[in-house]
Every structure is written in C-alpha cells, then in structure tokens.
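This briefing covers a pocket, a surface patch and some charged contacts. Please look at the sequence and model first.

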Amino acid sequence: MNITIRKIGNSEGIIIPKDVLDRLGVKAGDEITMTSEGSKLILTAADGDFDRQLAHAEKFMDRYKVALKKLAE
C-alpha cells in the first residue's frame, strides 16, 4: 500500500485508510504510538488502560516517595 505525504495546514501528514484503522481498532480522536526502525515507521494502537494506570502509579510514588525510599533500604 502506497500513501502520499500531504500538506495539512502548516504540517505534513498522511491519511490512514479506514480498513487499516479498523484493523488497529482505532478511530478519529484515539491516540496511536509511532516508532521508527531504520527507514520503517511503526504505528501501534496506544493502550489507554496502561497509560491511565501508569499515571496513577506515578502520583502514588510521588505522594509516598519518602516511605517508599525507607522501604527500599
């Protein structure tokens, strides 16, 4: 599948075909993760549950950092 890079406002972007979005299980407004390996771009559906859990864990660790540090000793 060939996709053309297009001018979108002051940026450039690609239009992802609906069947590809359906396979990823994403829709307009959802987040995806983009990584690169050499000359390849890899798009992965973002795991919203994981991101939410990670945010809660970071808040917990920040709130109890002194107690966690003592426990680690």
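A salt bridge here is a side-chain nitrogen of Lys or Arg within 4 Å of a carboxyl oxygen of Asp or Glu. By that rule, Arg 23 forms a salt bridge with Asp 19, and their closest N and O atoms are 3.3 Å apart. The model is predicted: local features need pLDDT of at least 70, side-chain atom pairs count only at pLDDT 80 or more, and totals for chains, interfaces and linings use all residues. Residues are numbered from 1 along each chain as its sequence is written, and side-chain values use heavy atoms, with hydrogens and water left out.

**Salt bridges**

- The structure holds 4 salt bridges.
- Arg 23 and Asp 19 are 4 residues apart in helix H1, so about one helical turn separates them. (Helices are DSSP runs of H or I with at least four residues, strands are runs of E with at least two, and both are numbered from the N terminus.)
- Arg 23 is exposed at 64% relative accessibility, while Asp 19 is partly exposed at 43%. (Buried means under 20% relative accessible area, exposed over 50%, and partly exposed in between, with a 1.4 Å probe and protein chains only.)
- Asp 22 forms a salt bridge with Lys 18, with 3.2 Å between the closest N and O atoms.
- Lys 65 forms a salt bridge with Asp 62 at 3.7 Å between the closest N and O atoms, and Lys 65 is exposed at 52%.

**Largest pocket**

- The largest pocket has a volume of about 300 Å³. (On a 1 Å grid over the protein atoms alone, a pocket is an open set of points where a 1.4 Å probe fits, with protein on both sides within 12 Å along at least five of seven lines; lining residues have an atom within 4 Å of a point.)
- Helix H1 (18–24), strand S3 (32–37) and strand S4 (40–45) each give two or more residues to the lining.
- Among the lining residues are Pro 17, Val 20 and Leu 24.
- Leu 24 lies in helix H1 and is partly exposed at 28%.

**Nonpolar patch**

- A nonpolar surface patch of about 800 Å² is made by Met 1, Ile 3, Ile 5, Ile 14, Ile 32, Met 34, Leu 41 and Leu 43. (Its residues have over 30% relative accessible area and no salt bridge, and nonpolar side chains are joined within 5 Å.)
- S3 and S4 each supply at least two residues of this patch.
- Met 34 is in strand S3 and is exposed, with a relative accessible area of 55%.

How values were computed: Points joined across faces, edges and corners; volume = space filled by probe spheres on them. Patch = residues over 30% accessible without salt bridge, like charges linked within 9 Å, V, L, I, M, F, W, Y side chains within 5 Å. Areas by Shrake-Rupley, 256 points an atom, 1.4 Å probe, with all protein chains shown as cover.
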